[in-house]
Amino acid sequence: MHPAYQEHVLNAPDICRNCLRVVREERHPHEPRRSDVSVQESQWSRRKDTTEVAFGPADTASGQKGIFCECGVEGSFVRVWDDVDVDRERFRTLLKRLIQTFEHKGVSIHRKATVAHALDAFERLPVEMEGPHRPDTSVDEALSEGVRYGLARAEVQSRSRSTANPAPTA
């Protein structure tokens, strides 16, 4: 798994692992917070355009209120699909949101290279991935492969621009 995919998507508290949408934003240091919120949670606030506050079953009345992503999951680290549930259309949707996520975070990524290599890796995934002979490849690996190539291509482009247009010397 590429470290940038791991850091910016899978381990990120601001990204929904189920649909790869940005669901939280960093709080401004002076923004008020509730006293019952932990320090880690207080660094983030929900994005109102991708989440909603709703009520669900819980052991206590205070536990019924939750923040849900547009895809229906509660919490950034919840995923309700398995690799076998992802068809080409759903993969393309995840890939589109992945690129938007990287751009939202200010990470330069080459769109075409990311899409081409991720789709190629996805096409190489076996149709049936059940049982003891399941390969190491997965939807996350295919997306990570696209990120690897997209970041490398963006880096090469950035270097070629800086060498083609050197800064004027005084």
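Starting at the N terminus, the elements run α-β-α-β-β-β-α-α-α. That gives 5 helices and 4 strands in the chain. Helices here are DSSP runs of H or I with at least four residues, strands are E runs of at least two, and both are numbered from the N terminus.

A word on the source. This is a predicted model: local features need pLDDT of at least 70, side-chain atom pairs count only at pLDDT 80 or more, and totals for chains, interfaces and linings use all residues. Residues are numbered from 1 along each chain as its sequence is written, and side-chain values use heavy atoms, with hydrogens and water left out.

Now the whole chain. Of its 170 residues, 36% are buried, meaning under 20% relative accessible area with a 1.4 Å probe, protein chains only. Take contacts, that is, heavy atoms within 4.5 Å. Among those between residues at least 6 apart in sequence, 60% join residues at least 24 apart.

On to helix 4, residues 111-123. Its 13 residues should span 18 Å, because each step counts 1.5 Å; the end C-alpha atoms are 18 Å apart, which agrees. The expected span is 1.5 Å times one less than the number of residues. Which residues of helix 4 are buried? Ala 113, Thr 114, Ala 118, Leu 119, Ala 121 and Phe 122.

Last, the rings. There is 1 aromatic pair in the structure. Phe 91 and Phe 122 are stacked, 4.3 Å centre to centre, with 15° between the planes. To pair, ring centres must lie within 6.5 Å; stacked means planes under 30 degrees apart. Phe 91 sits in helix 3 (residues 88-104) and Phe 122 in helix 4, 31 residues apart, so the pair links distant parts of the chain. Both Phe 91 and Phe 122 are buried.

Terms used
Buried means under 20% relative accessible area, exposed over 50%, partly exposed in between (1.4 Å probe, protein chains only). Rings of Phe, Tyr and Trp (its six-membered ring) pair if their centres lie within 6.5 Å; planes under 30 degrees apart count as stacked, over 60 as edge-to-face and the rest as tilted.
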